[in-house]
Amino acid sequence: MVLNSLDKMIQLQKNTANIRNICVLAHVDHGKTTLADCLISSNGIISSRLAGKLRYMDSREDEQIRGITMKSSAISLHYATGNEEYLINLIDSPGHVDFSSEVSTAVRICDGCIIVVDAVEGVCPQTQAVLRQAWLENIRPVLVINKIDRLIVELKFTPQEAYSHLKNILEQINALTGTLFTSKVLEERAERETESQVNPNSEQGEQVYDWSTGLEDTDDSHLYFSPEQGNVVFTSAIDGWGFGIEPFARIYSQKIGIKKEVLMKTLWGDYYINMKAKKIMKGDQAKGKKPLFVQLILENIWSLYDAVLKKDKDKIDKIVTSLGLKIGAREARHSDPKVQINAICNQWLPISHAVLAMVCQKLPSPLDITAERVERLMCTGSQTFDSLPPETQALKAAFMKCGSEDTAPVIIFVSKMFAVDAKALPQNKPRPLTQEEIAQRRERARQRHAEKLAAAQGQAPLEPTQDGSALETCPKGEEPRGDEQQVESMTPKPVLQEENNQESFIAFARVFSGVARRGKKIFVLGPKYSPLEFLRRVPLGFSAPPDGLPQVPHMAYCALENYLLMGRELEYLEEVPPGNVLGIGGLQDFVLKSATLCSLPSCPPFIPLNFEATPIVRVAVEPKHPSEMPQLVKGMKLLNQADPCVQILIQETGEHVLVTAGEVHLQRCLDDLKERFAKIHISVSEPIIPFRETITKPPKVDMVNEEIGKQQKVAVIHQMKEDQSKIPEGIQVDSDGLITITTPNKLATLSVRAMPLPEEVTQILEENSDLIRSMEQLTSSLNEGENTHMIHQKTQEKIWEFKGKLEQHLTGRRWRNIVDQIWSFGPRKCGPNILVNKSEDFQNSVWTGPADKASKEASRYRDLGNSIVSGFQLATLSGPMCEEPLMGVCFVLEKWDLSKFEEQGASDLAKEGQEENETCSGGNENQKLQDGCSEAFEKRTSQKGESPLTDCYGPFSGQLIATMKEACRYALQVKPQRLMAAMYTCDIMATGDVLGRVYAVLSKREGRVLQEEMKEGTDMFIIKAVLPVAESFGFADEIRKRTSGLASPQLVFSHWEIIPSDPFWVPTTEEEYLHFGEKADSENQARKYMNAVRKRKGLYVEEKIVEHAEKQRTLSKNK
């Protein structure tokens, strides 16, 4: 197959039924990019000899150096079989866990994927992750088992052993698929159950609850991988061969005379052939016979490898002639056996044919998009498809039809933005010169040469007379000078352009419906755009030109520039029909990371991409020279746009913080910042490690495992004093930790208690943060008196389900009725902490909104209630230990006494009212007083121009915020405080002989091993451990060094865990003194972390700089 022209690609793009959008997914180093190289070489874009060595899709320098893919990149390939021609848009994706966000961007715009698995290593952690991502996006997978050559050359398996090993791998993958499928069926079933509970009028008979019934009814046979279904291919990408069982079935049906259909079913499995009866029998292992797969397929490949590796020339020639192949003299004479194998297998079992044929037969075209997937894409947040407006629901038909007529709405999804050098854009590439231009240049060069010669000859004799030589050379020198001037006048334009626009951004996108034409204007809908908002602002059937539409948030309007993505190259396209993957220019100022483009503004933004890895590693970045700060800010903006996973923050301290998914990702971001985006020298801080603060139940035993309260307290010297000094005067503390505190102007008193939440509740709050956010939006819109956010029934059901979960876990005397009294969540109104309101005067709950009492007190309490909530939000955002956010704490507002404030307010108002308006005192006292006085109030405030509740301590609402914050902090400090550390789960694959070293590194870094298991059929162990993020820097490098590269870890952020030690602990009992010594200066992990964070933030750290100063002087010299 030869390299195809651009026209051919444009022609293929128009036939939507023959387009396949696929991505290659796998664990790191399982051979994705090598496989992609083999497929690209089949199109003649690179030489087949270089396939696997060139790694064409890894266009970045650091990808080539490290040998791993770091970004997903696309290329369009042409594949012809019979009289059908296919266009395959192939996307190569990274396997390293730090770049799993790139996998999400690739998966969203594909319809199918190739899962690659290493035949030796089998199913690895990242294989599971990518399979789950493909499953969540509803795309169909096919399987490639790669590196079969390692079974022959490295592990030296016999064909029979290799067969059972491959069978094991298939079983593992199918087990994974089965668990994903089961969970989906059970979820659907649970949803149906809840619906039937909501509609109880359906017949209620004697119901026996059995989970398995749902599983038995649903057909899952099409999901699993099996060679007879044709969705598994066995390959060795580095040697350039691969096969499914279909071609072998075809060959052997002619040779043995058994039907091809029968062979397709029996070539994989426990079947053997009885040559005498020419029959295929079942049960090979019981009778000690070879399975068909071993006998007819694997043994042939093994004998070929055997012959080539032993350099048995006669046998090689025999094999080559029997297969009817031709091998060049260069390959036949070559000393490297790999070259010979490659030459033979490339012709006999070409990998590109096996893989691309499977892709074209088994994976769906864009026309086969399922209704379920469309509905999922269109529903963001907690919405359901039925709750979308009818105009939006009508777009589902356009998705399903994937039509290219002019009336079809254009819908494009941008999954990420990537930066390319401006020189790489087609319009900036140097175009080939025409014949006339070449002739002109040649003439000009010849002229210049002749003048130089003439000048040199004229100069030699005239050397003594300098004036003459000057006169001679001057006029001749004029012409080249003019020529140079001309060249100069041509060059400044591109130079200016380069300065302005060094990096150009291209959007990585796919057309779901309609035709994307160059220069066509289209709506750009941000992830937060709401079609409801648009339909509310713009009347139905609007015919205004799009430029004249009113401003709608998160919606812009711009023109398209289309490019064909060809790996490292880009090509211009006039139009792109539906179902194709493309690059779009000109969106740099409109799209940050991902967006939906649509010709109709009633389209909703697609559901956000779900990223497997959470960004957790933070560093502060600053320029070496402060004057270069603007370049850094600009560079960070560009980096933020170019990377789907990175986050850029500016902290309160003014630091610019970069949040990345891991060390390799961090390194790549910093390199990009230095070399591409900011182009300045930057200094990077030590990683900023996030912690959380919490409280626990009082411990039962002390540090030497003695029961607390039983032993004699010897020295309570500094302990009690310290406890006293924590809480200032004027604040009452009860024995059970109830803090009572009064505002500075003595008008309001608050009583607050802090309690630790059970772990399950904290987890539920974290999982439902989106739901809490939408509840918050609903209550705020209700408070403002707008009824725009109509609550949909499904959302309402989700909210009640969430409430039910909380009630289920918060049981017992202490938590009675607490769920109904939840007032707010925090920090940022959706965090894992709760504010509970138990005061009698004012009832307010997140579930129902404020209680509708139209009384004067209620309205006043409601206004001041916001101040209380703000105080709680501030307190949960930065805790007392080291100003880190809180987690898993419940604050209970027990009492809230405003009686003095009301007395004072009423007396002030009465005085004012009598002066201003005499009618206040007559008739219906209460009502008139309130009305008249409120008028007087307004007059007074408008005259003085300030809030009526201000005194020397500032506005009363501000005092409440500060007092509530202080109350929460003190309530925390009277309970046992603990730090929570972020934890990674760590998967390590290692051989048995380096296990001890792996454990040594883990224990040194406070890691904890959860399980270890041996992989069947190999000498590899899989170790699962947890490791604090704080200890993880340099962990991968250290493990590789200690184990000589035989073990490599994968770190993924998992959860938050309480550090058991108390950061403020000091010895108090005799046993503790004996055990820890008087100063107890052994390492306290929690205190070490706490002090490090306090130092970084510039807070006070209690440290003794010098102890026992006299020991530091050499006294003997001073005698």
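Buried means under 20% relative accessible area, exposed means over 50%, and partly exposed covers what lies in between (1.4 Å probe, protein chains only). This is a predicted model, where local features need pLDDT of at least 70 and side-chain atom pairs count only at pLDDT 80 or more, while totals for chains, interfaces and linings use all residues. Residues are numbered from 1 along each chain as its sequence is written, and side-chain values use heavy atoms, with hydrogens and water left out.

**Exercise 1. Classify a lysine**

Find where Lys697 lies and decide whether Lys697 is buried or exposed.

Solution. 
- Step 1: Lys697 sits in the loop between strand E24 (691-695) and helix H25 (717-726). Helices (H or I, at least four residues) and strands (E, at least two) are DSSP runs numbered from the N terminus.
- Step 2: check the area. Lys697 has a relative accessible area of 62%, so Lys697 is exposed.
- Step 3: Lys697 gathers with Lys700, Arg813, Arg814 and Arg816 in a patch of positive charge on the surface. Patches are made of residues with over 30% relative accessible area and no salt bridge; like charges are joined within 9 Å, and nonpolar side chains (Val, Leu, Ile, Met, Phe, Trp, Tyr) within 5 Å.

**Exercise 2. Salt bridges across the chain**

Say how many salt bridges the model has, then go through three of them, starting with the one between Glu137 and Arg108.

Solution. 
- Step 1: apply the rule. A salt bridge is a side-chain nitrogen of Lys or Arg within 4 Å of a carboxyl oxygen of Asp or Glu. The count comes to 44 salt bridges.
- Step 2: Glu137 and Arg108. Their side chains meet at 3.1 Å, N to O. Glu137 is in the loop between helix H5 (125-136) and strand E5 (140-146), Arg108 is in helix H4 (residues 100-108), and the pair, 29 residues apart, links distant parts of the chain. Glu137 has a relative accessible area of 8%, so Glu137 is buried; Arg108, at 1%, is buried too.
- Step 3: Asp270 and Lys167. This salt bridge spans 3.3 Å, N to O. Asp270 lies in the loop between helix H10 (260-266) and strand E8 (271-274) and Lys167 in helix H7 (residues 159-198), so the pair ties together parts that are 103 residues apart in sequence. With 24% relative accessible area, Asp270 is partly exposed.
- Step 4: Lys1024 and Asp987. Here the distance is 2.9 Å, N to O. Strand E37 (residues 1020-1028) holds Lys1024, strand E35 (residues 977-991) holds Asp987, and 37 residues separate the two. Lys1024 is partly exposed at 33%, whereas Asp987 is buried at 10%.

**Exercise 3. Side chain to backbone**

Trace which backbone atoms the side chains of Asn833 and Arg668 reach.

Solution. 
- Step 1: set the cut-off. A polar contact is a pair of N or O atoms within 3.5 Å; within protein, one must be able to donate a hydrogen and the other to accept it, and residues adjacent in sequence count only if both atoms are side-chain atoms.
- Step 2: Asn833. This residue is in strand E29 (residues 833-837) and is buried, at 0% relative accessible area. Its side chain reaches the backbone nitrogen of Gly888 at 3.1 Å, and a polar atom of the Asn833 side chain lies 3.4 Å from the backbone nitrogen of Met887.
- Step 3: Arg668. Helix H24 (residues 663-677) holds Arg668, which is buried at 6%. The Arg668 side chain reaches the backbone oxygen of Met70 at 2.8 Å.
- Step 4: Met70. Met70 is in the loop between helix H3 (61-66) and strand E2 (73-81) and is buried at 1%.

Terms used:
Areas by Shrake-Rupley, 256 points an atom, 1.4 Å probe, with all protein chains shown as cover. Lys, Arg positive; Asp, Glu negative; His and termini not counted. Charge placed at Lys NZ, Arg CZ, Asp CG, Glu CD.
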